[in-house]
Every structure is written in structure tokens, then in C-alpha cells.
Amino acid sequence: MGNCVIVGINWGDEGKGRMVDLLTEDYDIVVRYQGGGNAGHTVINEKGKFALHLLPSGIFREGVVNILGNGVALDPENLLCEIADVESKGVRITPENLKISDRASLLLPWHRRLDGLEEARLADKKYGSTKQGIAPFYSDKYQKKTVLAGELFYPEKLRSHLTDLLEWKNLTLTRVYGDEAVTGEELMSWVGRFAEKIKPFVCDTTDYLEKASASGKKILFEAQLGTLRDIDFGIYPYTTSSNTLAAYAPIGAGIPFAKIDEVIGVVKAYSTCVGEGPFVGEMTGAEADALTEAGAEYGAKTGRPRRVAPIDLVATRYGVKMQGATAIALTKLDVLSYMDEIPVCIRYRVKGKETGSFPFPDALDGAEAVIGYAEGWKCDISGARKWTDLPAAARSYVEMIENAIGCPIKYVSVGPERDSIIIRD
Ligand code: GDP
């Protein structure tokens, strides 16, 4: 195994955190390369149950170095809360096992505020933002209007940089949204209370990664969300504001010259989606409630019930292609055990025509799912640890997906715990 990226193939929440937690055994370094505290990875291991938002999921493994790359939305306030929470359950976090890129931009206090103000302005046309400031943050980053973590080492310049940004941002807060201005004192107090406290973790992570890579250390790149939330190739504008694709991993991680050997795409055995936007095949009523309940489909960050649908072979095939996936981890197969027969979205019907190709986002509005049914297995499979432990109907379901998406399903997850996994040869 060389360098590997773990990505979500669909809308996110596929169980990437659980897979990173499992696979870190074979890796030395785990790097988060995009996104911020707007989604969550749930990890259950011998240390407890954790909802990680920003911390890489390798944080629980002794000897694994975790890195927040330049591509992440570095929210010091959220990060410090998360560090305190994880440490309270007995996991030590030090500059030895957590490093933050000096080139990561800081999510500033006004980003969260602007996110809420804009969603309120949009009212019933809102995007369904988690209001963690991610869209305003990335907009500012690409306008070159935020500060880098490394600037914390240049306090005089940082103060004058922040003063300039404050002046500029207050124009938007007061004149566009009619909100209150942020004062210089509030901003500098925020720097002292939060940003200064992450300083011990900030370093030149590109230099660290280059040397580690040259000495043969193996890197696991961890994505947030999934293909359909990618800013360029997702269901725009119901996307996130960064690139969730594996191709972005070396850049966002801070080692653009790294070679990627493997891309493990995580797919859930059915579909879920949080927030607004088209969701072909969406279940409603009692059918939806039963699946939401069986899969405990409530957002790790927001607690919102997730929208649910049958596995979408059209979107999943697209996700596999765009991610360049070399293997798939299929998660939550155990959740489907209650169904007599399992609905599967095998094609879309767009303007009366059936298609197996994922269309341009606007064409999804009127698209309908063409549903087929797979045989259910109706027994508890959470104890299965070998392929042959699974009933024939469950194996057929996995093989049917594998054939439809054209990528080997190497891992089948049958429970949230670290060892609830079948690894196929
Ligand atoms: P991520 O953001 O992709 O890491 O996904 P989330 O953590 O938001 O959502 C995945 C949820 O499913 C978490 O609550 C996991 O503990 C849980 N989970 C992961 N794999 C399995 C599985 O195979 N079976 C069951 N029942 N739960 C799982």
C-alpha cells in the first residue's frame, strides 16, 4: 500500500471516518485536505464514540501524525472545542500528533455570522448551509481576504492585516446586511482567546510531508463530504465550497508533488443527503422514516434527519469515475436487513427518456428514479466477518452494485465498530 485517498462517492456521511479509523493501522500520517467544521465523521473505537469535525480521524492511533492541510477551513474556535472534547476522553493531542499547515487560512469570526445572514436573506431559497461560515470563508480565501495560520508568528503584520480586513468586511456587514460592525477590540480578543492557542501546532507541513515521504512514510488523505458536493463537479449550487475530489488531495494537503497510489471510495448501501437540492428517488412517509430510524440517519453536526433514498447506481457510477476510485468500501449493509426487498435506483428518467448517465445539475430537477428490486436477506448480519458469513442475498446485493459501478468492493462494513468489517480478497 502506498499513498491513499479516502473519499465519499455520494453526498457525504458515507462512513469515511470509520474507514480512516480502521485503515490508519497501515499508515503513518493522516491529512485532511479540504472543508471545515461543517460536517462530521463519527468514529467508534475502544476509546469511545467521537464526532470529529476538523480533526483527522487518525488522531486515535498511537504514533500516527495528523495534519490539517492548507486546503481546510481552519476554524480555531471549533478546533479548540474539539481538541478539548477528544482530550477529555483520554486521547492526548500534542504538536507531535497534530500539525497545522502554516498556509491554512483562518476562518474568522465574521464568516459564521455572514453565513447565517445570507441564509436568512435567501429565506425559502436557502442552500441548507450548516452555518459554519464555510462559503463566506472560501469566497474570502479566493479573494485573498483572509489570514494564514503562519501569520500568527508575525504579530505586528497580523494586526495590521486584520485591521485592513476588518475595515473591508464591516462594509459588507453593515451596508449589505444592516448588521452590527465588528470592533478591532473584539477581533483582537478573538485572536488572543482562540487563534493564539493553535499556534503551537502550526508549522511548515509541506516540509514535514516531503521529508516523511522521502523516508518511506505512508500518507492517508482524508476527504470531507462526497463527489456530489464538489464545487466543480457536484450538484451546483447545492455543493460545498471546496473540491472534495481525490484529485485535489495532494494540493489541499500541501504535498502537490505526491503520487497517489490508491483511492478508496466510500459508498453507503443506500443514499442519504443533508440539506437542499435535487435528490432523485427520495423516499417519503413511513418508508423513509423506517430507513432513517434503522440507519440512525441524523446529522453529526446539526442533528437534522437526513433525507433518504435507495442506493443510486447512476450517481454512484459517476462518483466512482470522478474520484478515480480504485476500490470501494460499502458501508451500513446491516441497516438494510429489515427489508423484504431492497429498492435500487438503476437509471434516471429525464424528460421521458431513460439514462444511466449522470446529467447536468439543472436536468436533475425533473428527473425520476427507475427503481428495481433486490432480494432482502431478513437476518442480522452484524456479526459477519468473512464474505462467506453473509447470506447469499446480501452477497448478491453487493455484487450487483459492484457490476453496476465497475469498481471492486473490497470492504463491506456491517456495523459502526472498528472490527465490524469484511475484507474481501
Ligand atoms: P462520514 O462523514 O463519511 O465519516 O460519515 P458519518 O460519520 O457522518 O456517518 C456515518 C455514520 O454511520 C456514523 O454514525 C457511523 O458510526 C455509522 N456507520 C459507519 N459504518 C457503519 C456500518 O457499517 N453500519 C452501521 N450500522 N453504522 C455505520
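# Exercises on helix packing and burial

Helices α3 and α4 are oblique to each other, in a model that is predicted.

**Exercise 1.** Determine how helix α3 and helix α4 pack, and which residues make their contact.

*Solution.* Two packed helices are described by the angle between their axes and the distance between the axes. For α3 (residues 109-122) and α4 (residues 134-142), the angle is about 120 degrees and the axes are 7 Å apart. Angles from 65 to 115 degrees would count as roughly perpendicular and those over 145 as roughly antiparallel; α3 and α4 are therefore oblique. Their crossing is right-handed. On the side of α3, the contact is made by Trp-110, His-111, Leu-114 and Asp-115, and on the side of α4 by Ile-134, Pro-136, Phe-137 and Asp-140. Sorted by class, these are five nonpolar, one polar and two charged residues.

**Exercise 2.** Describe the packing of helix α10 with helix α11 in the terms of Exercise 1.

*Solution.* The axes of α10 (residues 313-323) and α11 (residues 392-405) come within 9 Å and cross at roughly 60 degrees. That angle makes α10 oblique to α11. The handedness of the crossing is right-handed. Leu-313, Thr-316, Arg-317 and Val-320 of α10 meet Met-400, Ile-401, Ala-404 and Ile-405 of α11. The residues of this contact comprise six nonpolar, one polar and one charged.

**Exercise 3.** Classify Lys-217 as buried, partly exposed or exposed, and list its contacts.

*Solution.* Lys-217 is located in the loop between α7 and β10. Its relative accessibility is 39%. Buried requires under 20% and exposed over 50%, so Lys-217 counts as partly exposed. Leaving aside residues up to four places away in sequence, Lys-217 touches Asn-3, Asp-28, Ile-29 and Ala-212.

**Exercise 4.** State how many residues of helix α1 are buried.

*Solution.* Eight of the eight residues of α1 (residues 16-23) are buried, and the helix is mostly covered.

Note on methods
Residues numbered from 1 in each chain as written. Predicted model: local features only at pLDDT ≥ 70, side-chain atom pairs only at ≥ 80, totals over all residues. Heavy atoms only, no water. Axes fitted to C-alpha atoms, helices over the stretch in contact; angles between N-to-C directions. Helix = DSSP H or I, 4+ residues; strand = E, 2+ residues; numbered from the N terminus. Parallel < 35°, antiparallel > 145°, perpendicular 65-115°, else oblique. Left-handed = near helix turned anticlockwise from the far one by under 90°. Contact = heavy atoms within 4.5 Å. Nonpolar A, V, L, I, M, F, W, Y, C, P; charged D, E, K, R; others polar. Buried < 20%, exposed > 50% of the residue type's maximum accessible area, 1.4 Å probe, protein only.
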